[in-house]
Amino acid sequence: MDHKQSCEWFTNFLGIAYRYFDIRMNIILLFSNNGDCKNTWNRIMNQCDENEIKIRFVENQNHYWFIMTLYNNTKNVTFYKDFLSSHHYNRFKTNYDGKIYLRFGTYKQKYQHESKYNDICNCNHIMEKHDYNKGCKITTCVCTKFVTFQIALIKKKKIISDVKFLKTLNDVKKDSIAWNCLYSNNIID
Ligand SMILES: [Zn+2]
Ligand SMILES: [Zn+2]
């Protein structure tokens with residue numbers, strides 16, 4: 001398959017969240033507003049069967065590329081973006097068992113007046129440990145303002161079973177999905 005001719009490259013999403021509470025792990029593509037989130041799902045994801053969707057993680061030191069390709073007679077779209085590795089990503093990778101739920105959602109920052117006492121700040125301490133004006137009360141913490149986030153999921157989901165983790169340039173060269181994306185976008189040559 002020749003992605004290079006007509007592929008739509010989609011990078012207009014904020015990030016990825018990994019969740020573990022279902023039967024399967026969830027990968028959630030995050031958008032900043034609900035309209036973009038739903039429109040993108042309806043325009044792209046709805047037009048593809050689950051077996052036409054493939055996900056690759058390409059690791060490079062403390063970063064990784066997320067690549068998701070959807071390919072059939074009418075759609076040729078690749079979502080991709082570069083992220084810093086995180087313990088969420090590592091936990092996902094360790095627990096990945098052959099299938100994931102793919103979902104879309106919106107990401108919104110939440111401040112102290114909108115939060116509950118046990119919501120966790122970006123500094124990793126709960127809201128109760130924060131002074132309204134001075135930030136975190138834990139003496140070793142540099143946080144000066146409570147900020148947390150909230151993810152709202154849309155209901156639709158897809159089960160994806162073609163997921164691969166690639167660790168070397170050689171792995172990438174053997175994988176047409178990862179190679180097409182990184183080569184076409186001048187990330188590797
Ligand atoms: Zn703190
Ligand atoms: Zn804090």
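Trainee: Before we look at anything, what makes a residue count as buried or exposed here?
Mentor: A residue is buried if 20 or more other C-beta atoms lie within 10 Å of its own, and exposed if 12 or fewer do. Please keep in mind as we go that this is a predicted model.

Trainee: OK, so take Asn73: is it buried or exposed?
Mentor: Asn73 counts as exposed, because it has 7 C-beta neighbours inside 10 Å and the cut-off for exposed is 12 or fewer.

Trainee: And where does Asn73 sit?
Mentor: Asn73 lies in the loop that runs between strand E5 (63-71) and strand E6 (76-84). Its C-alpha atom is separated by 9.6 Å from that of Cys48, a residue 25 positions apart from Asn73 along the chain.

Trainee: How do E5 and E6 pair?
Mentor: They pair in the antiparallel sense, over nine bridges; looking at one position, Ile67 has Tyr80 in E6 as its bridge partner.

Trainee: What sheet do those two belong to, and what is the strand order?
Mentor: E5 and E6 belong to an open sheet of five strands with mixed pairing, and the order is E1-E6-E5-E4-E12. Strand E1 (8-10) and strand E12 (163-166) stand at the edges with a single partner strand each, so one side of each has no neighbour in the sheet. From one strand to the next, the twist averages 20°.

Trainee: Switching to helix H5, which of its residues are buried?
Mentor: In H5, which covers residues 176-184, the buried residues are Ile177, Ala178, Trp179, Cys181 and Leu182.

Trainee: What do the buried residues of H5 pack against?
Mentor: They pack against strand E4 (53-60), E5, E6 and E12, and also against helix H4 (169-173). After H5 comes Asn186, which has a positive phi near 60°.

Trainee: What about E2 and E3, how are they joined?
Mentor: A hairpin of five residues joins E2 to E3. Strand E2 (residues 15-19) and strand E3 (residues 25-31) pair in the antiparallel sense over five bridges, and Arg19 has Asn26 in E3 as its bridge partner.

Trainee: Now the overall picture: how many helices and strands are there?
Mentor: The secondary structure comes to five helices and twelve strands, and the C-alpha atoms fill a box of roughly 55 × 35 × 30 Å along the principal axes. Of the 189 residues in the protein, 24% are buried.

Trainee: What share of the contacts joins residues at least 24 apart?
Mentor: Among contacts between residues at least 6 apart in sequence, 60% join residues at least 24 apart.

Notes
Residues numbered from 1 in each chain as written. Chains lettered and ligands numbered in written order. Predicted model: local features only at pLDDT ≥ 70, side-chain atom pairs only at ≥ 80, totals over all residues. Helix = DSSP H or I, 4+ residues; strand = E, 2+ residues; numbered from the N terminus. Pairing = 2+ DSSP bridges. Axes fitted to C-alpha atoms, helices over the stretch in contact; angles between N-to-C directions. Contact = placed C-beta atoms within 7 Å.
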